[in-house]
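Please keep the sequence and the structure in view while reading.

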Amino acid sequence: MITLNDYQKKAAEFQGKHLLVLAGAGTGKTKTIIVRAEFLIKSGVQPKKIAVLSFTRKSAQEIVERVKSSVSGPFNAGAISGRTFHSWCNEIMHTYPDYFPQSKYTLLDEDDRISAMGLAVGKQFKDSQGEKLKAATVVAIYSYAVNTLCKLSEAIKHLRYCNSDKGDEELKIIIENDRALIGPVIQKYIDYKVTRRYVDYDDMLNIVADALQKNEVIRKAVTKRWEHILVDEMQDTNPLQYKLLQSFIEHSKLFCVGDDAQSIYAFRGADFKTIHSFTANVPDSEAQKLILNYRSTQEILDLSNWLLEQSPLTYDKKLEASRGQGNKPKIIHTENDWEEANIITDDIIRSVNENDCSYSDSMVLGRSSWALSRVEGACLQKKIPYIKLGGTQLMQSAHVRDVASGMRVVANNYDEIAWIRFLQLWDGIGEVSATKIISDILTLSSFVEILRYLRHSKYRTLIHSVPDILEVIHEHINSPANAIREAVDSMNDLLSKRYKEEWTYRITDFEVLEEVAKSTGSISEFITEYVLDPRADTTLKIGKEIDKDVVTLSTIHSAKGLESKIVHITNVNPYTYPSTRTIKEGEDAVEEERRCLYVAMTRAKDHLKLYRNVRSLHTQFNKNEEAIHLRGTYKSKTPDEQEVLVINSQNESVTVFNKKNKRTEVIPRADFNQKFVEVGKQELSLYFLNELPTDLVEIVVPERENVKPEPISEKTDPATLPDFNFD
Ligand SMILES: Nc1ncnc2c1ncn2[C@@H]1O[C@H](COP(=O)(O)OP(=O)(O)OP(=O)(O)O)[C@@H](O)[C@H]1O
């Protein structure tokens with residue numbers, strides 16, 4: 001039984017109107033939210049009047065489950081809801097269909113959204129400079145503008161020209177010209193959504209936030225439903241989410257917890273500075289801090305504190321460990337990624353065999369799913385049980401989307417994108433025939449008419465299979481779990497032919513899908529919910545495996561809020577922390593990367609192990625400590641004074657990043673010496689662990705009798721990924 005400290009208690013029992021708890025990692029923010037909810041329920045607030053909002057469904061549900069299990073007796077916490085912002089808006093729209101007619105529309109997921117924008121963009125869409133613009137780029141610009149409430153021109157500037165060398169006036173003209181081209185395309189996409197009755201992921205929030213702000217009747221009706229709104233991870237709210245919350249300020253009470261040093265979603269438009277202005281912007285609000293960390297030992301916090309102190313930003317945080325001293329974090333030097341994977345997995349096995357740990361005491365974190373792939377391979381080889389968070393998502397997998405397309409057309413008979421996928425599953429039907437069939441379907445006025453039309457189709461496969469399957473799904477329109485089971489049963493032959501030997505394991509995913517579908521009351525709600533939160537699949541897998549003893553492999557983004565006795569962080573190399581791409585994007589991006597590493601480090605309770613590849617492309621080939629530095633900036637002696645950043649230096653050649661054309665080049669050593677002159681070493685500090693005081697960590701160089709160093713492979717280094725086109 002945990003006893004709250006005085007500060008946590010004061011926050012949980014706050015009597016004023018709105019409160020922001022701004023506190024560091026492991027200080028019990030989530031715990032405080034849980035106790036706050038318990039306190040409110042025990043004080044007589046009806047649980048259904050409390051909304052818990054978090055950034056993943058998993059964490060929102062975990063909070064709610066913990067509240068439910070700790071509140072008993074006369075209090076029934078069953079009706080308290082835990083939601084993401086998007087699923088909350090989905091719920092609001094479905095609860096008030098008269099105010100939100102869009103609740104009957106179909107949600108476009110990420111792929112569909114890009115396909116739909118592709119229709120608006122066409123094949124040869126170019127910007128004002130003649131550069132081809134992809135549908136995904138236009139989607140990103142549109143999404144950024146919606147989420148940050150900024151003008152289209154600002155979104156274009158942010159996403160396309162933030163590192164431009166061009167002068168202000170020239171840039172203004174380019175952006176204006178781009179805006180004139182992109183604006184009509186976005187308009188076309190919006191019109192398409194309206195006529196086809198689609199909403200996209202961002203629309204959910206936008207529609208609700210806008211209606212609440214503009215229409216007092218709707219605002220009153222909706223906001224009076226919730227007396228208390230508890231928001232976790234407040235630092236990750238974007239301006240649109242913040243706008244939504246603002247409508248609740250009058251009638252509800254906000255209780256927000258957050259940590260500016262853990263803000264890692266700026267790329268999605270999150271703006272952690274909103275929490276700095278919380279008390280100024282929210283009337284009747286107060287802010288409170290928590291300092292004592294309950295998770296980690298002091299040595300782990302010392303390293304984490306040091307990392308933040310190196311930042312030019314001020315976080316005003318120095319975490320103190322309530323648990324006292326422990327072991328120093330280790331930096332383990334490795335020769336290649338497989339060696340790293342083997343050291344990590346051997347360590348996990350040793351911890352289980354010799355140190356009385358369970359598998360679930362270990363967590364392996366990577367900057368991307370890619371950075372974990374070798375560890376995953378080693379786990380498979382060594383039969384270490386694991387779950388992977390943040391990797392390929394169940395909901396995005398082809399077989400799930402095939403079955404879902406059948407459910408989608410039942411939910412919205414005019415869902416063109418779903419029809420395209422569903423019809424093309426059948427022999428003899430390609431894109432052209434599917435398009436023709438769909439144009440006929442769009443003229444029909446009911447589901448019954450559509451079935452009749454299909455039964456009289458000239459395509460034999462349609463006559464015999466499709467109407468029957470759709471009819472079966474339709475029978476379970478208010479029982480999505482049954483609908484999935486029936487759909488999979490009736491599509492079994494088709495899918496097993498399509499996926500061949502893979503089908504035997506692919507089919508097991510549908511058990512998980514059925515589980516989650518049980519929490520929704522209709523196919524339409526299920527579709528909206530699962531498309532709505534693409535991370536749901538990972539949640540499901542955890543849900544299934546939570547009782548099992550497994551190692552967690554996770555991207556840092558998916559590990560937010562988690563903790564583990566032993567944490568291994570892979571690939572903490574120069575040009576990974578921060579990455580080459582981040583460096584190109586500028587200081588804000590670099591600082592976000594620092595916060596990523598901070599989030600990763602602060603997940604550890606007892607042991608923190610960082611792995612550094614000393615043979616990385618961007619470090620020298622000899623293994624001494626000083627070699628792990630970036631090399632500094634050089635200028636060409638030619639009149640154009642091109643500035644380059646040296647990222648690797650060998651006897652025969654020098655690899656540079658050209659700051660002007662933003663490309664990496666390998667220049668013969670003799671040419672380089674002749675052409676360039678050094679202008680500074682300010683880039684040295686870009687690798688976060690440069691200048692690390694040696695007393696904060698223990699450096700481990702493993703013995704390597706049997707390890708055959710892999711040749712440096714261009715393919716395996718993140719910096720060798722194809723250059724992003726910044727032109
Ligand atoms: N008063 C307390 N006494 C003992 N343990 C506590 C106390 N408060 C929190 N803890 C424990 O500290 C750990 C961290 O708590 P919690 O996850 O709530 O922190 P957090 O601030 O949300 O962390 P982060 O932001 O880093 O995810 C948990 O294991 C929690 O049970």
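## Helix 17 and helix 18

In this predicted model, the axes of helix 17 (residues 398-411) and helix 18 (residues 416-424) come within 8 Å and cross at roughly 120°. An angle of that value makes helix 17 oblique to helix 18. The crossing of helix 17 with helix 18 is left-handed.

On the side of helix 17, the contact is formed by A398, R401, D402, S405, G406, R408 and V409. Helix 18 contributes I417, A418, W419, R421 and F422. Sorted by class, the residues of this contact comprise 6 nonpolar, 2 polar and 4 charged.

## Helix 6 and helix 7

Two packed helices are described by the angle between their axes and by the distance between those axes. For helix 6 (residues 135-148) and helix 7 (residues 152-160), the axes come within 9 Å, and the crossing angle is roughly 120°. Helix 6 is therefore oblique to helix 7. The handedness of the crossing between helix 6 and helix 7 is right-handed.

Which residues bring helix 6 and helix 7 together? From helix 6 these are A140, I141, Y144 and A145, and they meet L152, A155, I156, H158, L159 and R160 of helix 7. The contact of helix 6 with helix 7 has 8 nonpolar residues, together with 1 polar and 1 charged.

## Helix 14 and helix 29

Helix 14 (residues 298-309) and helix 29 (residues 587-601) have axes that come within 10 Å and cross at roughly 170°. Because angles over 145 degrees count as roughly antiparallel, helix 14 and helix 29 are described as roughly antiparallel to each other.

By class, the contact of helix 14 with helix 29 consists of 7 nonpolar, 1 polar and 1 charged residues.

## The second largest pocket

The second largest pocket has a volume of about 1100 Å³. It is lined by 44 residues, and those closest to its centre are E62, R66, G561, L562 and E563.

Several elements give two or more residues to the lining of the second largest pocket: helix 2 (29-42), helix 3 (57-70), strand 12 (362-366), strand 13 (386-389), helix 27 (536-545) and strand 15 (564-569). The largest share, 5 residues, comes from helix 3. By class, the lining of this pocket is made up of 12 nonpolar, 15 polar and 17 charged residues.

## Backbone features in two loops

Most residues other than glycine have a negative phi, and most peptide bonds are trans. P578 belongs to the loop between strand 15 and helix 28 (580-585).

Another is E233, which is not a glycine and yet has a positive phi of about 55°. E233 is located in the loop that lies between strand 6 (228-231) and helix 11 (239-246).

How values were computed:
Residues are numbered from 1 along each chain as its sequence is written. This is a predicted model: local features need pLDDT of at least 70, side-chain atom pairs count only at pLDDT 80 or more; totals for chains, interfaces and linings use all residues. Side-chain values use heavy atoms; hydrogens and water are left out. On a 1 Å grid over the protein atoms alone, a cavity is a set of points where a 1.4 Å probe fits but cannot get out, and a pocket is an open set with protein on both sides within 12 Å along at least five of seven lines; lining residues have an atom within 4 Å of a point. Grid points are joined across faces, edges and corners, and a volume is the space filled by probe spheres set on the points. Helices (H or I, at least four residues) and strands (E, at least two) are DSSP runs, numbered from the N terminus. Ala, Val, Leu, Ile, Met, Phe, Trp, Tyr, Cys and Pro count as nonpolar, Asp, Glu, Lys and Arg as charged, and the others, Gly among them, as polar. Axes are lines fitted to C-alpha atoms, for helices over the stretch in contact, and angles run from 0 to 180 degrees between N-to-C directions. Angles under 35 degrees count as roughly parallel, over 145 as roughly antiparallel, 65 to 115 as roughly perpendicular and the rest as oblique. A crossing is left-handed if the near helix is turned anticlockwise from the far one by less than a right angle, and right-handed if clockwise. Contact means heavy atoms within 4.5 Å.
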